[in-house]
Amino acid sequence: MENLTISDSGPRGGGGAAPPPAGSAPGGLQGPPVPQQLPPQMFTTAAQLLDLTDKKLMVALRDGRKLIGILRSWDQFANLVLQSTIERVFVPPPQKEDGTIDTTQRGLYADIPRGIFLVRGENVLLLGEIDLDKDDEPPAGYDAAEAAVVQKLARERKEAEKAKSKARIGRLNAIGFEGEHMGDVLL
């Protein structure tokens, strides 16, 4: 499947300017141009995956995981089969007291081999092709580390964020604000 634009014709020669009507003005002058139509495949998300088949992709999932693998197969629901998949786990640099990121320290990342991975289409948040020229470079601002260390740090950060969020919701609830799913619906 090729990448089409509005100026390209559709799959069966559709789109483009219409032939001049019989009895048109001499000299090839035509009436107003006929509006062009986009080819139907421009709007089907799953069909766009055809161009990405057998290419290395990074897939961000709704639960926050990042997968890197080779797209081998997909279906009409954008369910993906990734081969030679790795899960890349990130631990961002620590934050300062004011909530900004400490630029003097670098974050950590680790690649965890996962093999063949089936991803349900509704769980895909974002996907994109990996630039193979930059594939071997570490992500900007991050250093590679052992997977066990990065997973432990990521889990601790997630738990700390959850506790912080719970405390914030508790403080808001104490002064009269209700968080999601905290109050009863009054009819």
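Me: If buried means under 20% relative accessible area, exposed over 50% and partly exposed in between (1.4 Å probe, protein chains only), where does tyrosine 142 fall, buried or exposed?

Reply: Tyrosine 142 is buried, because its relative accessible area is 17%. Bear in mind that this is a predicted model, in which local features need pLDDT of at least 70 and side-chain atom pairs count only at pLDDT 80 or more, while totals for chains, interfaces and linings use all residues. Residues are numbered from 1 along each chain as its sequence is written, and side-chain values use heavy atoms, leaving out hydrogens and water.

Me: OK, and how much of the whole chain is buried?

Reply: Of the 187 residues in the protein chain, 21% are buried.

Me: How many helices and strands are there, and in what order?

Reply: The protein chain has 2 helices and 6 strands, taken as DSSP runs (H or I of at least four residues for helices, E of at least two for strands) numbered from the N terminus. Read from that end, the elements run α-β-β-β-β-β-β-α.

Me: Back to tyrosine 142, which ring does it pair with?

Reply: The structure holds 2 aromatic pairs, counted when ring centres of Phe, Tyr or Trp (its six-membered ring) lie within 6.5 Å, with planes under 30 degrees apart called stacked, over 60 edge-to-face and the rest tilted. In one of them, phenylalanine 90 and tyrosine 109 are tilted, at 6.3 Å centre to centre and 35° between the planes. That pair links distant parts of the chain, with phenylalanine 90 in strand β3 (residues 80-91) and tyrosine 109 in strand β4 (residues 107-119), 19 residues apart. Tyrosine 142 pairs with phenylalanine 90, and because their planes stand at 75°, with the centres 5.1 Å apart, the pair is edge-to-face. Phenylalanine 90 lies in strand β3 and tyrosine 142 in strand β6, so this pair ties together parts that are 52 residues apart in sequence.

Me: What do the three rings form together, and are the other two buried or exposed?

Reply: Phe90, Tyr109 and Tyr142 form one aromatic cluster. Tyrosine 109 counts as buried because its relative accessibility is 10%, whereas phenylalanine 90, at 27%, counts as partly exposed.

Me: Switching to charges, how many salt bridges are there?

Reply: A search of the whole structure finds 8 salt bridges, each being a side-chain nitrogen of Lys or Arg within 4 Å of a carboxyl oxygen of Asp or Glu. One of them joins aspartate 54 to arginine 72, whose closest N and O atoms are 2.8 Å apart. Aspartate 54 sits in the loop between α1 (45-48) and β1 (56-61) and arginine 72 in strand β2, so that pair ties together parts 18 residues apart in sequence.

Me: Which residue does aspartate 143 bridge to, and where do the two lie?

Reply: Aspartate 143 forms a salt bridge with arginine 106, the closest N and O atoms being 2.9 Å apart. The pair links distant parts of the chain, since aspartate 143 is in strand β6 and arginine 106 in the loop between β3 and β4, 37 residues apart. Aspartate 143 is partly exposed at 34%, and arginine 106 likewise counts as partly exposed at 46% relative accessibility.

Me: And what about glutamate 156 and lysine 152?

Reply: Their side chains meet in a salt bridge at 3.7 Å, N to O. Glutamate 156 and lysine 152 both lie in helix α2, 4 residues or about one turn of the helix apart. Glutamate 156, with a relative accessible area of 39%, is partly exposed, and lysine 152 at 48% counts as partly exposed.
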